[in-house]
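Here is a briefing on one chain. Look over the sequence and the structure first, then read the points below.

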Amino acid sequence: NVLLIDDARTRRNNIKDAISNLDHSVTDCFSSNDFLSIIEENKPDVLVLDMDTWRRGRVIYNYFRIGKKLESVPILLYNADEDTYFIQDRARHEKDHVLSKPVEVDALIEALQHNY
């Protein structure tokens with residue numbers, strides 16, 4: 001079960017289609033409200049997260065201490081700056097993986113296949 005967070009519709013749809021082709025179930029969201037609701041309802045096996053989208057919602061995520069709720073979920077972070085670690089109140093998971101920007105869909109899928 002993959003949770004995809006990206007507020008760029010075309011890119012999100014391309015990534016969702018590519019992940020679905022790997023026979024993973026994918027839940028996608030593009031807003032803070034969607035993300036908060038999904039995290040409360042069920043726990044994904046991996047979170048695929050666009051860094052720019054995270055930055056835009058960071059204040060609300062920090063307020064609700066989302067980092068603590070994500071401690072046991074590995075994160076594939078993409079479009080990140082080099083040496084980025086990004087989630088307040090969350091210890092790094094051993095399976096976290098960071099892809100520096102710019103990231104192509106193929107590179108993201110390869111990282112997903114290789115690491116999860």
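**Overall build**

Contacts in the chain with a separation of 6 or more are 57% between residues 24 or more positions apart. The model is predicted. The chain holds five helices and five strands. Its radius of gyration is 13 Å, close to the 13 Å that the globule rule gives for 116 residues, so the chain is as compact as a globular protein of that length.

**Order, extent and surface**

- From the N terminus on, the elements follow the order β-α-β-α-β-α-α-β-β-α.
- The C-alpha trace spans about 35 × 30 × 25 Å along its principal axes.
- Of the 116 residues, 42% count as buried.
- The accessible surface of the chain is about 6400 Å². Carbon and sulfur atoms contribute 43% of that surface.

- Strand β1 covers residues 2–5, and both of its faces are covered. Val2 and Leu4 are buried on one side. Leu3 and Ile5 are buried on the other.
- β1 pairs with strand β2 (residues 26–29) in the parallel sense, over four bridges. Within β2, Asp28 stands opposite Leu4.
- β1 also pairs with β3 in the parallel sense, again over four bridges. Here Leu47 of β3 is the bridge partner of Leu3.
- Together, β1, α1 and β2 form a right-handed β-α-β unit.

**Helix α2**

- Helix α2 takes in residues 32–41, and its buried residues include Phe35, Leu36, Ile38 and Ile39.
- Seen down the axis of α2, the buried residues fall within an arc of 165°, so they line one face of the helix.
- On the other side of α2, the exposed residues include Asn33, Glu40 and Glu41.
- The buried residues of α2 pack against three strands, β1, β2 and β3, and against the helices α3 (51–63) and α4 (66–69).

**Helix α5**

- Which residues of helix α5 (residues 105–115) are buried? They are Leu108, Ile109, Ala111 and Leu112.
- Viewed down the axis of α5, these buried residues stay within an arc of 160°, so they line one face of the helix.
- The face turned away from the buried side of α5 carries the exposed residues Asp106, Glu110, Gln113 and His114.
- What do the buried residues of α5 pack against? Their partners are α1 (9–20), β3 (46–50), β4 (75–80) and β5 (97–100).

**Val46 in β3**

- Val46 lies in strand β3. Is Val46 buried or exposed? Val46 has a relative accessible area of 4%. Buried means under 20%, so Val46 counts as buried.
- Val46 and Ala111 are 65 residues apart along the chain. Their C-alpha atoms are separated by 12 Å.

Note on methods. Residues numbered from 1 in each chain as written. Predicted model: local features only at pLDDT ≥ 70, side-chain atom pairs only at ≥ 80, totals over all residues. Heavy atoms only, no water. Buried < 20%, exposed > 50% of the residue type's maximum accessible area, 1.4 Å probe, protein only. Helix = DSSP H or I, 4+ residues; strand = E, 2+ residues; numbered from the N terminus. Arc of directions from axis to C-beta. Contact = heavy atoms within 4.5 Å. Pairing = 2+ DSSP bridges. Right-handed = clockwise from strand over helix to strand, strands pointing away. Rg over C-alpha atoms; globule rule 2.2 N^0.38 Å. Areas by Shrake-Rupley, 256 points an atom, 1.4 Å probe, with all protein chains shown as cover.
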